[in-house]
Amino acid sequence: MHRYMGIVVALAVAASTASSAASSTAPSAALSGAQAQTRAREQLAKGQALWDQRLANSAIAALEAAAQDPSTAAEAHEALGRLYTFKGWLADNVYPGWHDEPSLRQKALTELRAAVAADPNRASAREALRTAEEYAAADAVDPAPPRPEIRALDQKLQAAGTVDDILSAVEARAGAQADAAPYFTGAQMLIDKGAYAQAIAMANRGAAASDRFITENLSAYQLTGKSQGSFARGRATAADLTGWALFEQKDYAKAREKLEEAARLSQDQDPVNQFHLGELARAQGDAAQARNHYLDALSLSGGPAPLRQRVTQALQSVQAGGAVPAGGFDAWLDAELARRRDERKSSVLKSLVDRPLPKLTLATVDGRSYDTSGLQGKVLLLNFFASW
């Protein structure tokens, strides 16, 4: 009797222990599930914020992580679908050097269909899917217009009147979109205000922002040369702004170093930089070098009208110290600019004519690769154009 009672007691104790263990693990499992949902929600918010800033690679990584959790799957798939819709159909020239990415169009449709499957009642996902399907059926889709909130922040920066206002406006604009434009605009405005140290710091931040923005969106540039050129332009702009701030401080040695760095990076193709180099040469008493840079600045296409007027006035001032050109200044300037443009064109042609075509692996409009190496020995016409 005692033996059986002992067995019963032992079984009761074991059952109690098992029940206790089960009850202790249940809250742990529930807590683990809640923690996973919290992490997924954090990844979703992070991905959405990163894409708002147009930092595509990091946004995709965060949204893909959020899509793994059922609690955030519909929202994450929709966000990915909208991102790929933009990159696939709407990105052409929205930012300098960007192109549409046809290879992402099917991804956009797949993600939006996954969003609807995860939550059939999600109206925004169904609407986004209808839009993407309309794009897929269309012969052409216009690029996305500038975002109104970014345009408003740009206008606020341009209207900033004090150094503190400029700094605040730059931070607000940079927080909304991660490209380098607000830093470079702010740096020039700070130079105009005489806040040279702050301008140099702002230019350096712009260089870092430019590199990150391009890296995050590397696939949008399509061709390696496009991304390399964009990297160089961002760094050249930062170097030129730094050099100009140093020039205004009359630190001519350091100014020359930075301005010449900008000239190398821009391959002497930036009229603003050429004007700055001209001003530096004139300040150091080298009229011939100043004249050369001013003429280079005017012979390049681009540059706002006020800059070109300022360069022309500086050139007239330098030219006044020498012999008066036959026929007057305007006739001399027209002839000189025509000569420089012809020389530049001739130099480019000499670098290309009668040289073998490099191996080009190109993408067709539907995203397939096309290798020109199989066309050796045939007459080949390459038509370079921009879709906008």
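Visitor: Which helix gives the most to the lining of the largest cavity?
Guide: This is a predicted model in which local features need pLDDT of at least 70 and side-chain atom pairs count only at pLDDT 80 or more, while totals for chains, interfaces and linings use all residues. Residues are numbered from 1 along each chain as its sequence is written, and side-chain values use heavy atoms, with hydrogens and water left out. Two helices (DSSP runs of H or I, at least four residues, numbered from the N terminus), α13 (287-299) and α14 (305-319), each supply at least two residues of that lining. With 3 residues, the one that gives the most is α14.

Visitor: What is the volume of the largest cavity?
Guide: A cavity is a set of points on a 1 Å grid over the protein atoms alone where a 1.4 Å probe fits but cannot get out, and lining residues have an atom within 4 Å of a point. The structure holds 1 cavity of 30 Å³ or more. Taken as the space filled by probe spheres set on the points, which are joined across faces, edges and corners, the volume is about 30 Å³.

Visitor: How many residues of the lining of the largest cavity are nonpolar?
Guide: The lining is made by Pro-271, Ala-297, Leu-298, Gly-302, Gly-303, Leu-307, Arg-308 and Val-311. Ala, Val, Leu, Ile, Met, Phe, Trp, Tyr, Cys and Pro count as nonpolar, Asp, Glu, Lys and Arg as charged, and the others, Gly among them, as polar. On that basis the lining has 1 charged residue and 2 polar ones, and the nonpolar residues number 5.

Visitor: Is α12 roughly parallel or roughly antiparallel to α14?
Guide: Helix α12 (residues 271-283) packs against α14 with the axes 11 Å apart and at an angle of about 30°, where axes are lines fitted to C-alpha atoms over the stretch in contact and angles run from 0 to 180 degrees between N-to-C directions. Because angles under 35 degrees count as roughly parallel, over 145 as roughly antiparallel, 65 to 115 as roughly perpendicular and the rest as oblique, α12 is, relative to α14, roughly parallel.

Visitor: Which residues of α14 make the contact with α12?
Guide: The crossing of these helices is left-handed, meaning that the near helix is turned anticlockwise from the far one by less than a right angle. Contact means heavy atoms within 4.5 Å, and α12 contributes Pro-271, Val-272, Phe-275, Glu-279 and Arg-282. From α14 come Leu-307, Arg-310, Val-311, Ala-314, Ser-317 and Val-318.

Terms used:
1 Å grid on protein atoms, 1.4 Å probe; cavity = no way out; pocket = protein on both sides within 12 Å on 5 of 7 lines; lining within 4 Å.
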